Amino acid sequence: MERSTPIIRVKHFTAAYDGVVLLNDLSFDVYRGEVFVILGGSGCGKSTMLKHMIGLYQPAAGAILIDNEDIVTAQGPRRLAILKKIGVMYQQGALFGSMTLLENVRLPLEEYTDLPNDAIDHIALMKLQVVGLGAAALKLPDEISGGMRKRAVIARAMALDPQVLFLDEPSAGLDPITSAELDRLIVSLSRNLSITFVVVTHELPSIYTIADRVIMLDKRVKAIVAEGKPQQLRDHSENAWVRQFFNREATAVA
Amino acid sequence: MLRRIISTRAVCECAMNREAGQTGERGPLLAASMSDCGLVLTISGSLDSRTTGQVWQPALEALRLAQPRQLTIDASRLTYCDGAGAALLLELGRRQSAHRGQYEICSLDPAFRALVDLYSRSSGESPQPKASQGSFLEQVGRFGVLLWNDVTKLTAFVGELSVALARAALRPRIVRWKEAWLTAELAGVNALPIIALLGFLLGLIMAFQSAIPLHQFGADMFVANLIGLSMLRELGPLLTAIILAGRSGSAFAAELGTMKVSEEIDALTTMGLEPVTFLVVPRVIAAVAMTPLLSVFASLLGLVGGAVVMLSLGFPFVTYLIQLQSAVTAGDMVGGLAKSVVFGIVVAAIGCLRGLQTKSGASAVGDSATRAVVSGLVLITVVDGIFAVLFYSLGL
């Protein structure tokens, strides 16, 4: 696991919806083991970018290579092989409401492995314990708090030991303490399991804690306006808007 | 000039009288006077969202009639002013500046002045007009395109579902049987009481309705033929399909729609699990297994309903039974069952499709459920029509 080799390569990527270009000609790499943050103002297309990277949307142009396989063109078993390498945490969690947490985590294992039933139980519980939810394993998603739900989604996303975890707005709707706990979990998983994280957020405090590298999207130019470490961008970016973003300054105060 | 001033006064006095009569002392009072330097409007009392309406028209009317070079608002006796009051003061200013007059607000309390300034500073952007709906012809065209897109999607979905069902038949292990059982219970077993009741009543009603005209021809006995043929061939399967569309088609759409809205469908896709295989196939299997059974019950209870009427008309039960046996063939029964199998597939599939097509937002799931029922009923009728033609040309 070399940190300097890219695991995701986005090349000349263009996203469009109904003929309107949202993101134009983006290229960037995500390296193995890093926590990579996609940052930007509301409506700049960060979540759209993420949904393209996990193969939910078809880009208008460009390629998205995950471990040297293009998720845009891959079909059938090759696509399945790519999907097994990634795990996704959606903004709203997307736990299956009719299943307990344990069953949620069991699901990918049941579908993709030939492991015996009790082994699957064991592995699923282990994943839940890593995120601190061992005791709540038999509860339904409705019966636990928002922060626990987010951790449960991470446990499910980790079920098949993916190489990359995609998180869409992980701290949305969480209080600062719960949000900080989630950040600590992300850092710990990244360090101890060498999982690569791609995180979409605009939560400044958590960016400083978790991010190894940041790209910033700006909806006015529909492209990347800055790339680097968060502290570096805050203090030394040449782009005024980027400095403004990191320093939480408002434009056009009435 | 003089006449104009008099008429302005008249308007204002009238406004004041009306106001005083309506709300007593708490509302705002408006007084207008012309001086050398223009029109002076004195507003006293409270200008809030509840009371501003009383002086809005009179104030604008006074300004319109006087058309002064200088408009002065004397606000020294204004006791309260909120957003509505500020809107009036700003609107007066806007109209005044529209024909290049001077405008001044005197003695406005600093607290209210800040409010008025805040609103006057904000940029005067107006909402962008919505794109027009287009001409009638354009709307018809759009509707046509939408309809065509729907047909294309339906066709694609039928293809996808067929592949998924074929795969499930080759490898039954990939079907989520637990979910299929559960759906079979919800859509089938739980629907039994209502289907039985409606089937029984339908048979009863038809028997009663037909007994009178048939009696005129002395053909009472043929009530049995009518009930037997119509229940087994047509009404049993149709009744079942309609109940299924209302109870389960809508439920499938709402269930899958909620999953779509909460990104659960996306989650399945990125896990590499096809939503069609994972969610639609178990539901279709359950519906296909349950509909013929329910249809049999509906027909059977319809026959029982007919029997009750025949007994009450004085025919022995055995006579009714023999008459039934002579009228109804096994082919009628099989034809009805074949129909109900197709109805089951159609209703379950369209319910799931509408669920998967759910857009985002709170009303989207409700829309999908409605669309599932409506499309279900339309397709049931179309399929029934096709069967009618088919049976006729096959001589069944």
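Before I start, a word on conventions: residues are numbered from 1 along each chain as its sequence is written, while chains are lettered from A and ligands numbered from 1 in the order in which they are written. Because the model is predicted, local features need pLDDT of at least 70 and side-chain atom pairs count only at pLDDT 80 or more, whereas totals for chains, interfaces and linings use all residues, and side-chain values use heavy atoms, with hydrogens and water left out.

Let me begin with chain A, which has nine helices and ten strands, where helices (H or I, at least four residues) and strands (E, at least two) are DSSP runs numbered from the N terminus. For its 254 residues, a compact globule would have a radius of gyration near 18 Å, and chain A agrees with that at 18 Å; the radius is taken over C-alpha atoms, and the globule rule is 2.2 Å times the number of residues to the power 0.38. Of the residues in chain A, 52% are buried, that is, under 20% relative accessible area with a 1.4 Å probe, counting protein chains only.

Strand E1 of chain A, residues 6-17, runs antiparallel to E2(A) and is joined to it by eight bridges, and A:Tyr17 is found opposite A:Val20 in E2(A).

Turning to chain B, we find 13 helices and five strands. What radius of gyration does chain B have, when a compact globule of 396 residues would have one near 21 Å? The value for chain B is 37 Å, and its C-alpha atoms fill a box of roughly 110 × 65 × 40 Å, taken along the principal axes. Buried residues make up 44% of the 396 residues in chain B. Among contacts in chain B (heavy atoms within 4.5 Å) with a separation of 6 or more, 80% are between residues 24 or more positions apart.

Note on methods:
Buried < 20%, exposed > 50% of the residue type's maximum accessible area, 1.4 Å probe, protein only. Pairing = 2+ DSSP bridges.
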